[in-house]
Amino acid sequence: MSLQNSSDDAAFKDKVRDQWDRAAAGWDRHGPQIRNWLRLPTDAMLEMAMVREGQTVLDVAAGAGDQTLDIAGRVGAQGQVVATDLSESILHYARDNALRAGYFNVRVHSADAENLGLNGATFHTAVCRLGLMFLPQPLAGISEIHRVLKPGGRFCAMVFAGPDLNPCLRILTSTAMRHAGLAPRDPFQPGGLLSLGKPGTMDDLFQRAGFTAVATTRMDAPFQLPTTKHYLAFIRESAGPILQILAPLDETARAAAWADIEAQLDVYQTEAGWVGPNSVLLTAGER
Ligand SMILES: C[S@@+](CC[C@H](N)C(=O)[O-])C[C@H]1O[C@@H](n2cnc3c(N)ncnc32)[C@H](O)[C@@H]1O
């Protein structure tokens with residue numbers, strides 16, 4: 001499971017890095033909404049990884065560091081978190097947010113998840129929240145995480161479940177692609193938002209990377225906001241992959257794409273607010 005060859009993979013990663021460099025400020029600004037959206041699955045992820053006081057924890061594709069701060073609180077002053085990400089720009093936010101929250105046990109390290117540039121057998125635990133699906137070779141990334149864990153160390157990853165369970169992401173991607181004149185794409189193609197959501201894929205990858213005691217749990221994580229427009233504001237400022245699909249369009253064509261997306265997402269407006277269905281998979285294993 002990879003793109004065609006290593007130069008395709010490198011070009012793809014350059015594109016992904018650029019997406020997240022551009023979306024970094026938006027992802028950070030929407031931190032409180034992301035926190036509400038992912039609070040329960042994040043707690044479950046940290047439990048499945050068995051993050052405990054005093055540990056040295058690797059946080060892969062850490063973004064602006066929302067889950068990093070949770071880990072820093074759990075491991076305490078005797079522990080340490082190494083927050084890594086492909087985008088150096090987004091990691092600045094992780095570092096600043098940690099310092100602002102008074103966590104001095106967070107170190108940031110900019111690195112591709114498929115090649116972390118860290119010593120082997122270093123970490124007690126590792127997590128990756130909504131990052132693995134962006135890897136052109138997720139098996140390489142999971143194997144790399146396996147390499148840097150101490151024997152007995154645990155890893156838990158959160159990825160989006162499949163397209164049927166994530167209709168908002170499906171609408172966003174397919175509508176953006178149609179307006180951009182791109183052919184529909186297999187949602188499970190490597191590198192896509194929903195690429196690791198097929199039941200069994202994550203377990204298989206973990207096992208092939210050498211993890212034992214592998215288990216996957218699915219959790220619903222609906223996105224709850226006052227209105228469709230609030231969700232669109234979040235997407236328009238922080239959803240790197242969607243913004244990149246629409247980037248080549250002129251202003252009028254882009255506005256038409258957003259209007260089409262908004263009309264479709266409006267079906268999730270209820271009297272109590274906008275509730276967008278969303279579902280994630282949590283997979284854990286032991287080295
Ligand atoms: C959806 S954001 C998730 C950020 C954070 N974990 C969170 O949940 O708030 C995806 C992150 O994956 C990172 N990413 C994408 N490809 C990567 C790669 N090959 N190696 C490391 N990080 C990568 C992006 O830069 C971005 O910060």
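Predicted model: local features only at pLDDT ≥ 70, side-chain atom pairs only at ≥ 80, totals over all residues.
Strand S9 (residues 273-276) is joined to strand S8 by 2 bridges, and the two run antiparallel. Helices (H or I, at least four residues) and strands (E, at least two) are DSSP runs, numbered from the N terminus, and two strands pair if DSSP finds at least two bridges between them. Within this pairing, Gln269 stands opposite Trp274 in S9.

Residues are numbered from 1 along each chain as its sequence is written, and side-chain values use heavy atoms, with hydrogens and water left out.

## Around the ligand

Let us turn to the ligand. There are 18 residues around the ligand, and Trp27, Ala61, Asp85, Ala113 and Arg129 come nearest; a residue is near a molecule or strand if one of its heavy atoms lies within 4 Å of it. By type, this shell divides into 12 nonpolar, 3 polar and 3 charged residues. Here Ala, Val, Leu, Ile, Met, Phe, Trp, Tyr, Cys and Pro count as nonpolar, Asp, Glu, Lys and Arg as charged, and the others, Gly among them, as polar. Helix H1 (residues 6-29) gives the most to the shell, with 3 residues.

Some atom pairs can be picked out here. The side chain of Asp85 has an N or O atom 2.5 Å from an oxygen atom of the ligand, and the side chain of Trp27 has an N or O atom 3.0 Å from a ligand oxygen. For Ala61, a polar backbone atom lies 2.7 Å from a nitrogen atom of the ligand. The protein covers 99% of the 600 Å² of accessible area that the ligand has on its own. Accessible areas come from the Shrake-Rupley method with a 1.4 Å probe; for residues, only the protein chains shown count as cover.

## Parallel strands

Strands of a sheet pair through backbone hydrogen bonds, either parallel or antiparallel. S1 and S2 take the parallel sense, over 4 bridges, and the bridge partner of Leu58 in S2 is Val82. Strand S2 (residues 80-85) is largely enclosed by the rest of the structure, because 5 of its 6 residues are buried. Buried means under 20% relative accessible area, exposed over 50%, and partly exposed in between (1.4 Å probe, protein chains only).

Strand S4 (residues 123-129) also runs parallel to a partner, S5, with 6 bridges joining them. One place to look is Val127, which stands opposite Cys156 in S5. Strand S5 (residues 149-160) is mostly covered, with 9 of its 12 residues buried.

Other buried residues of H5 include Ile142 and Ile145. The cover over the buried residues of H5 includes strand S1 (56-60), S4, S5 and helix H7 (201-208).

Leu132 sits in the loop between S4 and H5 and is buried, with a relative accessible area of 0%. Leaving out residues up to four places away in sequence, Leu132 touches Pro138, Ile142, Ile145, Phe155, Ala157, Val159, Leu196 and Met202.

Ser279 lies in strand S10 (residues 279-286) and is buried, at 0% relative accessible area. The side chains of Ser279 and Arg218 are joined by a polar contact of 2.6 Å. A polar contact is a pair of N or O atoms within 3.5 Å; within protein, one must be able to donate a hydrogen and the other to accept it, and residues adjacent in sequence count only if both atoms are side-chain atoms.

Arg236, in helix H8 (residues 228-238), counts as partly exposed, with 44% relative accessibility. Not counting residues up to four places away in sequence, Arg236 touches Leu243 and Trp258. Arg236 and Gly26 are 210 residues apart along the chain, while their C-alpha atoms are separated by 8.5 Å.

Terms used
Contact = heavy atoms within 4.5 Å.
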